[in-house]
Amino acid sequence: MSIQLHIHSSREAAIRIVAQEIASLVRNKPEAVLGLATGSTPIPLYQELVRLHREEGLSFRHVTTFNLDEYQGLDRSHPESYWNFMHRHFFDHIDIPAANIHLPGSRVAEADMLSHCMAYEEAIRAAGGIDYQILGIGRTGHIGFNEPGSPADSVTRCIHLDAITREDAAPSFGGLDQVPTSAITMGCGTILSARTITLMAFGEGKAEIVRKALREPITDQVSASFLQNHPAASFQLDLGAASAL
Ligand code: F6R
């Protein structure tokens with residue numbers, strides 16, 4: 001197993017390291033391609049990158065981004081859409097051109113789904129592939145929204161969200177019945193094609209699934225376990241998330 005494990009004394013310490021990695025990538029390669037995640041885990045990372053932009057002149061002018069996923073059935077302006085999340089937490093505060101930002105659509109008609117997802121894959125390829133992919137991990141072990149059963153070579157597609165994933169999202173949507181039932185997600189294969197992958201997990205609530213992903217045999221029941229085989233993947237954990245290892 002080549003995966004690198006980094007255990008930090010605090011979430012803030014982990015965030016600083018990841019932000020510095022991204023900053024040095026972008027300084028060395030201004031046209032870097034970043035794969036981005038949403039959820040509570042990367043929010044402080046975006047805050048730190050915004051700080052580096054404002055205080056240390058880190059420019060995203062030539063960076064291209066691809067987000068992992070997007071709920072289906074919400075307007076982009078919906079507060080819980082990932083388009084909205086990313087603009088609120090990151091894009092609105094840096095100098096990235098709108099044309100360089102990519103997220104899957106949030107209201108893709110069934111008839112257009114396949115071509116939409118294939119176009120997303122093609123856009124990643126055309127950009128030269130993802131240099132640095134940020135991931136969180138869901139309680140189901142998902143990366144992106146690759147719920148249990150997602151094959152290692154899966155590509156961008158529409159997926160039915162797991163009951164646990166919808167339950168976890170319910171508070172921010174104001175109730176389970178408000179949570180979309182499906183999403184478009186990059187596949188495990190799409191994610192594994194990134195040159196460098198950093199999975200961040202913080203808090204004891206992630207400890208058990210982190211243990212499964214790292215310490216148990218690779219299985220499509222825990223899509224994060226596929227990272228064990230990636231040549232340049234790391235887990236950046238705080239003490240809580242590492243507490244079951
Ligand atoms: C988000 C995503 C998900 C989250 C995961 C953890 O774009 O693809 O895999 O990273 O559900 O979410 P949080 O960080 O809210 O615990």
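1. A polar contact is a pair of N or O atoms within 3.5 Å, where, within protein, one atom must be able to donate a hydrogen and the other to accept it, and where residues adjacent in sequence count only if both atoms are side-chain atoms. The structure is a predicted model, in which local features need pLDDT of at least 70 and side-chain atom pairs count only at pLDDT 80 or more, while totals for chains, interfaces and linings use all residues. Residues are numbered from 1 along each chain as its sequence is written, and side-chain values use heavy atoms, with hydrogens and water left out.

2. On the ligand: 13 residues surround the ligand, and the closest are Thr41, Asp69, His142, Gly144 and Lys206; a residue is near a molecule or strand if one of its heavy atoms lies within 4 Å of it. A polar side-chain atom of Lys206 lies 2.6 Å from an oxygen atom of the ligand, and a polar side-chain atom of His142 lies 2.7 Å from a ligand oxygen atom. For Thr38, an N or O atom in the side chain is 2.8 Å from an oxygen atom of the ligand.

3. On the parallel sheet: 7 strands form an open sheet in the order β1-β10-β9-β6-β2-β3-β5, and the pairing is parallel. At its edges stand β1 and β5 (101–102), each of which pairs on one side only. Helices (H or I, at least four residues) and strands (E, at least two) are DSSP runs, numbered from the N terminus, and two strands pair if DSSP finds at least two bridges between them.

4. On strand β10: this strand (residues 233–238) has 6 of its 6 residues buried, so β10 is largely enclosed by the rest of the structure; buried means under 20% relative accessible area, exposed means over 50%, and partly exposed covers what lies in between (1.4 Å probe, protein chains only). Ala233, Phe235 and Leu237 point one way from β10, whereas Ser234, Gln236 and Asp238 point the other way, and all are buried.

5. On the partners of β10: strand β1 (residues 4–8) pairs with β10 in the parallel sense over 5 bridges, and the bridge partner of Gln4 in β10 is Ser234. Strand β9 (residues 196–201) also runs parallel to β10, to which it is joined by 5 bridges. Between these two strands, Thr198 stands opposite Ser234, and Met200 stands opposite Gln236.

6. On strand β9: 5 of the 6 residues of β9 are buried, so this strand is largely enclosed by the rest of the structure. Strand β6 (residues 132–135) pairs with β9 in the parallel sense over 4 bridges, with Ile197 in β9 as the bridge partner of Gln133. Together with helix α7 (residues 207–215), β9 and β10 make a right-handed β-α-β unit, a crossover being right-handed if, with the strands pointing away from the viewer, the path from the first strand over the helix to the second runs clockwise.

7. On Ile3: this residue lies in the segment before β1, and at 11% relative accessibility Ile3 counts as buried. Leaving aside its neighbours within four places in sequence, Ile3 is in contact (heavy atoms within 4.5 Å) with Leu214, Leu227, Gln228, Ala233, Ser234 and Phe235. The C-alpha atoms of Ile3 and Thr198 are separated by 10.0 Å, although the two residues are 195 residues apart along the chain.

8. On the antiparallel sheet: 3 strands form an open sheet in the order β4-β8-β7, with antiparallel pairing. Here β4 (69–71) and β7 (157–160) stand at the edges with a single partner strand each, so one side of each is left without a neighbour in the sheet. Strand β8 (residues 182–185) pairs with β4 in the antiparallel sense over 3 bridges, and Asp69 stands opposite Thr185 in β8. Asp69 is also listed among the residues closest to the ligand.

9. On Asn146: the loop between β6 and β7 holds Asn146, which counts as buried at 0% relative accessibility. The side chain of Asn146 reaches the backbone oxygen of Met186 at 2.9 Å. Apart from its neighbours within four places in sequence, Asn146 is in contact with several residues, among them Ser154, Arg157, Ile159, Thr185, Met186 and Ser223.
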